[in-house]
Amino acid sequence: MLACMRTAAVYGIEACGVQVEVDVSFGLPSFHMVGLPDASVRESRDRVKSAIRNSGLEFPPHRITVNLAPADIRKGGSAFDLPIALGILAASGGVTRRDVHDVLLIGELSLDGGIQPARGVLPIAAAARRDRFQALLLPRPNHAEASVVAGLTLYGVESLLEAVRALNDPEGFSASVTPPPPPPQAAAPADLDFSDVHGQAMARRALEIAAAGGHNTLMIGPPGSGKTMMARRIAGILPPLTFDEALEVTSIHSVAGLLPAGVGLLAARPFRAPHHTISDVALVGGGAHPRPGEISLAHHGVLFLDEMAEFSRHVLEVLRQPIEEGCVRIARAARTCTFPARFMLVGAMNPCPCGYHGDTARACRCTPQQIDRYAGRLSGPLRDRLDLTVPVAAMPARELSEAAGGEPSWAIRARVIAARERQAARDGMLNARLHGRRLRAATTLDADARRLRDAALEKLSLTARGHDRVLRVARTIADLDAADRIGAQHLAEALQFRGEG
């Protein structure tokens with residue numbers, strides 16, 4: 001007999017429907033699977049057989065053929081286990097409905113018949129609603145994630161037997177299941193507050209400007225000057241995620257398998273800090289079945305590259321296009337996947353190999369050639385994409401103990417939110433994304449600022465890209481001051497963060 005079940009496969013962060021057709025016919029016992037299944041899907045034959053038998057159900061001793069349609073798209077992952085098992089049971093009479101066209105099924109089976117959490121449930125739930133399914137049958141730990149999508153009846157199951165009962169008697173199953181508790185709300189870490197940062201007024205100001213305008217930033221200073229400490233507090237001064245942003249961020253983390261069990265929408269902006277030994281594929285994403293990389297996991301958040309000069313030159317260069325476009329496209333023979341990657345890049349590096357060039361307390365042991373070569377690990381085109389370059393000087397221990405703590409994060413965050421609201425009302429985007437005509441329209445200079453700009457162009461030999469970079473930062477500083485026009489003081493402050501490159 002023939003049975004049909006519906007499921008979905010995730011490509012990038014989008015899901016598309018897959019029809020699981022199961023035919024059980026008389027003949028020598030065998031289990032064939034067609035429709036371009038990869039190794040993880042082919043292995044489901046053993047999991048499905050053991051799960052059915054260990055659940056006390058009968059595995060049909062006949063010829064079984066499973067087709068995954070459309071047959072021209074490769075299928076990967078373990079979430080096909082449950083629809084395949086239910087299709088076999090439907091074709092052999094264990095499930096009363098042989099054509100389940102209104103319920104989308106996902107889930108990985110254990111050998112004992114239990115159901116494991118699945119990846120990519122949020123985009124699958126969105127696809128189920130888009131394709132007008134009435135219900136979604138899924139692992140119970142993924143219930144909170146799928147509940148974000150309104151308009152679907154959710155059947156959260158923990159075993160194959162529960163899944164059979166849900167298909168045979170949906171109303172009775174729903175009445176017997178206790179609703180899952182509401183997901184916990186994420187709170188900002190109390191130990192990551194800017195009030196812990198003593199001194200470093202210039203660096204704190206630069207990071208406030210960067211957060212307000214979404215600017216990419218590079219901090220340069222000796223070891224122990226507080227670069228990493230300040231960078232880890234940036235996420236705490238960013239505004240909360242909007243619903244649409246939270247939906248995108250949660251979808252990416254769900255596809256990557258990093259969404260905690262029982263969590264619906266992620267509430268906190270992501271902060272990713274990969275080690276400098278990371279590969280280019282791990283950073284931008286990819287693989288045989290493309291997965292999001294660190295730049296996509298930092299979408300709408302912060303990507304922090306500590307010891308930035310120690311990263312491979314090739315790894316750093318692959319950042320250039322995502323920084324400009326806000327996404328990364330991964331091409332494979334069958335199809336191309338696009339992952340969003342609109343992040344705020346924050347880098348930190350030492351001024352030289354020994355780390356103490358320019359430090360008044362410790363002598364630098366590096367030659368001028370070594371210093372130049374170390375600074376050159378960041379190419380000119382990459383440096384052009386960093387709006388602020390911030391010198392961070394080391395503070396002596398005695399001055400550090402005497403210096404007062406800085407403003408708390410909540411006070412800085414209030415100014416950042418107000419500045420971003422001004423940008424949204426004026427341009428509909430952050431200042432860091434302004435280019436061309438829109439940048440010119442947003443950066444009106446008063447008379448003093450125009451004279452200062454002309455002098456800077458002549459004396460500092462600003463390139464066209466450097467000129468635009470300074471204007472974007474000055475526009476953000478003016479927004480922090482709630483000023484409509486850019487004044488000379490705003491432009492002067494932006495020029496001090498120009499840096500070299």
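User: In which hand of crossing does α3 pass α6?

Analyst: This is a predicted model, and the answer below is computed from it. The axes of helix α3 (residues 81-92) and helix α6 (residues 160-168) come within 11 Å of each other and cross at roughly 60°. Where the two helices meet, L82, A85, L86 and L89 belong to α3, while L160, A163, V164 and L167 belong to α6. The crossing in which α3 passes α6 is right-handed.

User: Which word describes how α3 and α6 lie to each other?

Analyst: The angle at which the axes of α3 and α6 cross is roughly 60°. Angles of 65 to 115 degrees would count as roughly perpendicular and angles under 35 degrees as roughly parallel, and the rest, apart from those over 145, take another name. The two helices α3 and α6 are therefore oblique.

User: Which strands pair with β1, and in which sense does each run?

Analyst: On one side of the question, β1 is joined to strand β5 (residues 99-105) by 2 bridges, and these strands run parallel, with C4 having D99 as its bridge partner in β5.

User: Which residue in the turn between β1 and β2 has a positive phi?

Analyst: Strands β1 and β2 form a hairpin, with 2 residues between them. The phi in question is about 70°, and the residue in the turn that has it is G12.

User: Is N431 buried or exposed?

Analyst: N431 sits in the loop between α18 (409-426) and α19 (436-442). Leaving aside neighbours within four places in sequence, its contacts include G213, H215, R472 and D479. Its relative accessibility is 0%, so N431 counts as buried.

User: With which side chain does the side chain of N431 make a polar contact?

Analyst: Among the residues in contact with N431 are Q423, R426, R475 and T476. The polar contact is given at 3.1 Å, and the partner is the side chain of R426.

Conventions: Residues are numbered from 1 along each chain as its sequence is written. This is a predicted model: local features need pLDDT of at least 70, side-chain atom pairs count only at pLDDT 80 or more; totals for chains, interfaces and linings use all residues. Side-chain values use heavy atoms; hydrogens and water are left out. Two strands pair if DSSP finds at least two bridges between them. Helices (H or I, at least four residues) and strands (E, at least two) are DSSP runs, numbered from the N terminus. Buried means under 20% relative accessible area, exposed over 50%, partly exposed in between (1.4 Å probe, protein chains only). A polar contact is a pair of N or O atoms within 3.5 Å; within protein, one must be able to donate a hydrogen and the other to accept it, and residues adjacent in sequence count only if both atoms are side-chain atoms. Contact means heavy atoms within 4.5 Å. Axes are lines fitted to C-alpha atoms, for helices over the stretch in contact, and angles run from 0 to 180 degrees between N-to-C directions. A crossing is left-handed if the near helix is turned anticlockwise from the far one by less than a right angle, and right-handed if clockwise.
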